[in-house]
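Thanks for coming. I will go through the aromatic contacts in one structure. Please have a look at it first.

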Amino acid sequence: LDKILTSHQRASDFKPGDDVELSQHPTQACVDIGTFLDSTKTSASECLEGTNLLSFIDGLATALHAVLLTHIQRFTFNDMGGLQLKRDLPEY
């Protein structure tokens with residue numbers, strides 16, 4: 001998760017110039033994490049069931065939360081960047 005975020009998230013995603021309009025779409029890092037999580041959930045659902053599946057998904061969610069929190073703290077934000085982050089968060 002951290003590798004995807006660090007390799008695909010640009011500093012300009014959260015601190016764009018004054019002449020840049022707010023994107024109506026999530027950042028590329030957000031899209032890539034969503035794709036990874038969807039494929040991981042599909043694979044886990046094929047291999048696990050019941051409480052094993054729930055435990056795996058719970059652990060994945062806990063790891064995602066920790067990685068996202070650390071990742072977000074690496075950036076500085078301007079007003080437009082804060083709105084972009086607000087746009088990304090529900091996608092995770």
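Which residues form one aromatic cluster? They are Phe 14, Phe 75 and Phe 77.

Some notes on the source. This is a predicted model, where local features need pLDDT of at least 70 and side-chain atom pairs count only at pLDDT 80 or more, while totals for chains, interfaces and linings use all residues. Residues are numbered from 1 along each chain as its sequence is written, and side-chain values use heavy atoms, with hydrogens and water left out.

There are two aromatic pairs in the structure. Rings of Phe, Tyr and Trp (its six-membered ring) pair if their centres lie within 6.5 Å; planes under 30 degrees apart are stacked, over 60 edge-to-face, and the rest tilted.

Take Phe 14 with Phe 75: the ring centres are 5.3 Å apart and the planes stand at 80 degrees, so this pair is edge-to-face. Phe 14 sits in helix α2 (residues 11-14) and Phe 75 in the loop between α4 (50-72) and α5 (79-88), so the contact ties together parts 61 residues apart in sequence. Helices here are DSSP runs (H or I, at least four residues), numbered from the N terminus.

Now Phe 14 with Phe 77: centres 5.0 Å apart, planes at 45 degrees, so the pair is tilted. Phe 77 is also in the loop between α4 and α5, 63 residues from Phe 14.

As for accessibility, buried means under 20% relative accessible area, exposed over 50%, and partly exposed in between (1.4 Å probe, protein chains only). Phe 14 is buried at 2%, Phe 75 is buried at 17%, and Phe 77 is partly exposed at 31%.

Terms used
Helix = DSSP H or I, 4+ residues; strand = E, 2+ residues; numbered from the N terminus.
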